[in-house]
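Here is my note on the structure you asked about. Please read it with the model open beside you.

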Amino acid sequence: MGLFNFVKEAGEKLWDSVSGAADQSKKLQEHINTLGLPDSDKVNVEVKDGKVTVTGDGLSQELKEKILIAAGNVAGITEVEDKVSAVQNEPEAQFYTVQKGDTLSAISKQFYGTPNQYNKIFEANKPMLTHPDKIYPGQMLRIPQ
């Protein structure tokens, strides 16, 4: 997968009471672990100057993609470097950065030709998404095949 670019100003704000790269890395690791993604404890995140490097082994392709997106959809993060090996040979998802005025239905129509597949996108981005109407500009989403 390589390197993902994210919108620096978009995303969840985690750094309010944090200073330094070590504290940011710890806070981001805690954030990923609290999402309830299985095996999220198999990855390690390191934050340095707005760039996150995610390392780990033994994850499914889907879980790997969710963790990478969760790490990048944090305010202040501009890049996520993928150094995670997946154990299952699943096809990679596509990725989409939400634009102003987007809805999951509109994104579904763009990728699948019908707005009725919005729930497929919503489910593919749980638990980062808690409701289909709660997306924001700059957020990166997984778009499964």
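1. A salt bridge, as the term is used in this note, is a side-chain nitrogen of Lys or Arg within 4 Å of a carboxyl oxygen of Asp or Glu. Please keep in mind that the model is predicted.

2. Where do Glu 62 and Lys 66 lie? Both belong to helix 2, and four residues, about one turn of the helix, separate them.

3. How many salt bridges does a search of the whole structure find? The number is seven. One of them pairs Lys 42 with Asp 39, where the closest N and O atoms are 3.8 Å apart. Lys 42 is partly exposed because its relative accessibility is 40%. Asp 39, at 35% relative accessibility, is partly exposed too.

4. Glu 81 and Lys 83 form another salt bridge, and here the closest N and O atoms are 3.9 Å apart. Lys 83 counts as partly exposed, with 46% relative accessibility. Through salt bridges that share partners, Lys 51, Glu 81 and Lys 83 are joined into one network.

5. Now the overall layout. The chain contains four helices and six strands. Read from the N terminus, the order of these elements is β-α-β-β-α-β-β-α-α-β. The C-alpha trace spans about 45 × 35 × 25 Å along its principal axes. A compact globule of 145 residues would have a radius of gyration near 15 Å, and the chain has 15 Å, so the two agree.

6. Next, contacts and surface. Among contacts in the chain with a separation of 6 or more, 68% are between residues 24 or more positions apart. Of the 145 residues in the chain, 43% are buried. The accessible surface amounts to about 7600 Å², and carbon and sulfur atoms account for 45% of that area.

7. In soluble globular proteins, nonpolar side chains tend to be buried together. Which residues have the most contacts inside the largest nonpolar core of this model? They are Leu 28, Ile 32, Val 52, Val 54, Ile 67, Ala 71 and Val 80, in a core of 24 residues. At least two core residues come from each of helix 1 (21-34), strand 2 (43-48), strand 3 (51-59), helix 2 (61-72) and strand 4 (79-86). Helix 2 gives the largest share, six residues.

8. Leaving aside residues up to four places away in sequence, Val 80 touches Gly 2, Leu 3, Phe 4, Phe 6, Val 52, Val 54, Leu 68, Ala 71 and Gly 72. Another core, of 10 residues, lies apart from the largest one, and Tyr 96, Leu 104, Leu 129 and Ile 143 are among its members.

9. Finally, the annotation. An unreviewed UniProt entry places the feature "domain: BON" at residues 20-88. Over residues 20-88, the chain is 38% helix and 33% strand.

Note on methods. Residues are numbered from 1 along each chain as its sequence is written. This is a predicted model: local features need pLDDT of at least 70, side-chain atom pairs count only at pLDDT 80 or more; totals for chains, interfaces and linings use all residues. Side-chain values use heavy atoms; hydrogens and water are left out. A nonpolar core is a set of buried Ala, Val, Leu, Ile, Met, Phe, Trp, Tyr and Cys residues joined through side-chain atoms within 4.5 Å. Buried means under 20% relative accessible area, exposed over 50%, partly exposed in between (1.4 Å probe, protein chains only). Contact means heavy atoms within 4.5 Å. The radius of gyration is taken over C-alpha atoms; the globule rule is 2.2 Å times the number of residues to the power 0.38. Accessible areas come from the Shrake-Rupley method with a 1.4 Å probe; for residues, only the protein chains shown count as cover. UniProt positions are given in the numbering used here, feature names are shortened, and annotations may be inferred rather than shown by experiment.
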